[in-house]
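Me: I have a structure to look at and would like to learn how to read its features. Please take me through them one at a time.

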Amino acid sequence: MRRRLAALAVLSAIGIASNAQAATNDPVGDLVSSIISGALPGSAVFNVKATLYHAGAKGVGSLDSLGCRVVPMRTLAVDKTIIPRRTVVFIKETVGLKMPDGQAHDGYWYASDIGGAIKGQRIDLYTGHNAASMKSMQKLNLSNLTAIKVGSFTGCPPK
């Protein structure tokens, strides 16, 4: 009985919220996305443009702005006024991409870097140690990715 009441309360809240918000909101879609990504409903969601960067490119070192080693297919450079450093970000379009170790990407990236050209709704994805590391990312539509804040981390991002 309590579960039914809780479900009714949630559905009522979603109905009220959707009537009060713009018609472009999709509460059911947001709920499904939050279940898939692990984010709480209401987490910040951004439609972003992305660029790719790799070690060996001009101005790219082996450490991020936190002083940690950059991690291929995990390190994310952000505008820290939009997405704070030390934020875990889920990018659903990267799920399933081939990682350097051959495994499939789970979609989780770690905002541990910043860049001079990264302003506003723009991110930079670190791919690895040379231009060839970008190959698996080239099939993405980098002009429209969905980035969801799902948590934060301390120390350096995991490898």
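**Reading the core**

Reply: The largest nonpolar core has 21 residues, and among them Leu76, Ile83, Ile91, Trp109, Ile123, Leu125 and Met137 touch the most other members. A nonpolar core is a set of buried Ala, Val, Leu, Ile, Met, Phe, Trp, Tyr and Cys residues joined through side-chain atoms within 4.5 Å. Buried means under 20% relative accessible area, exposed means over 50%, and partly exposed lies in between, with a 1.4 Å probe and protein chains only.

Me: Which strands each supply at least two residues of this core?

Reply: Strands are DSSP runs of E with at least two residues, helices are runs of H or I with at least four, and both are numbered from the N terminus. Here β1, β3, β4, β5 and β6 each supply at least two core residues. The largest share, four residues, comes from β1. There is also a second, separate core of six residues, which includes Ala55, Val70, Ile118 and Tyr126.

Me: What kind of model is this, and how are residues numbered?

Reply: The model is predicted, so local features need pLDDT of at least 70 and side-chain atom pairs count only at pLDDT 80 or more, while totals for chains, interfaces and linings use all residues. Residues are numbered from 1 along each chain as its sequence is written, and side-chain values use heavy atoms, with hydrogens and water left out.

Me: How many helices and strands are in the chain?

Reply: The chain has two helices and six strands. From the N terminus on, the order is α-α-β-β-β-β-β-β. Of its 159 residues, 35% count as buried.

Me: What does Ile123 touch, leaving out residues up to four places away in sequence?

Reply: Contact means heavy atoms within 4.5 Å. By that rule Ile123 touches Val48, Lys49, Ala50, Thr51, Leu76, Ala77, Val78, Ile83, Ile91 and Ile118. Across the chain, of the contacts between residues at least 6 apart in sequence, 79% join residues at least 24 apart.

Me: Which cysteines form a disulfide?

Reply: A disulfide is a covalent bond between the sulfur atoms of two cysteines. The cut-off used is a pair of cysteine sulfur atoms within 2.5 Å. This structure holds one disulfide. Cys68 and Cys156 form it, with their sulfur atoms 2.0 Å apart. The link is left-handed, at -80 degrees about the S-S bond. It joins distant parts of the chain: Cys68 is in the loop between β1 (45–54) and β2 (75–77), and Cys156 is in the segment after β6, 88 residues apart.

Me: Is Cys68 buried or exposed?

Reply: Cys68 counts as buried because its relative accessibility is 4%. Cys156 has 45%, so Cys156 counts as partly exposed.

Me: How many aromatic pairs are there?

Reply: Rings of Phe, Tyr and Trp (its six-membered ring) pair if their centres lie within 6.5 Å; planes under 30 degrees apart count as stacked, over 60 as edge-to-face and the rest as tilted. The count comes to three aromatic pairs. One of them, Phe90 with Tyr108, is tilted, at 5.1 Å centre to centre and 55 degrees between the planes. Phe90 lies in strand β3 (residues 87–91) and Tyr108 in strand β4 (residues 108–113), 18 residues apart. Phe90 is buried, with a relative accessible area of 5%, whereas Tyr108 is partly exposed at 21%.

Me: Where is Ser136 found?

Reply: Ser136 is in the loop between β5 (122–128) and β6 (145–152). Leaving aside neighbours within four places in sequence, Ser136 is in contact with Met73, Leu97 and Lys98.
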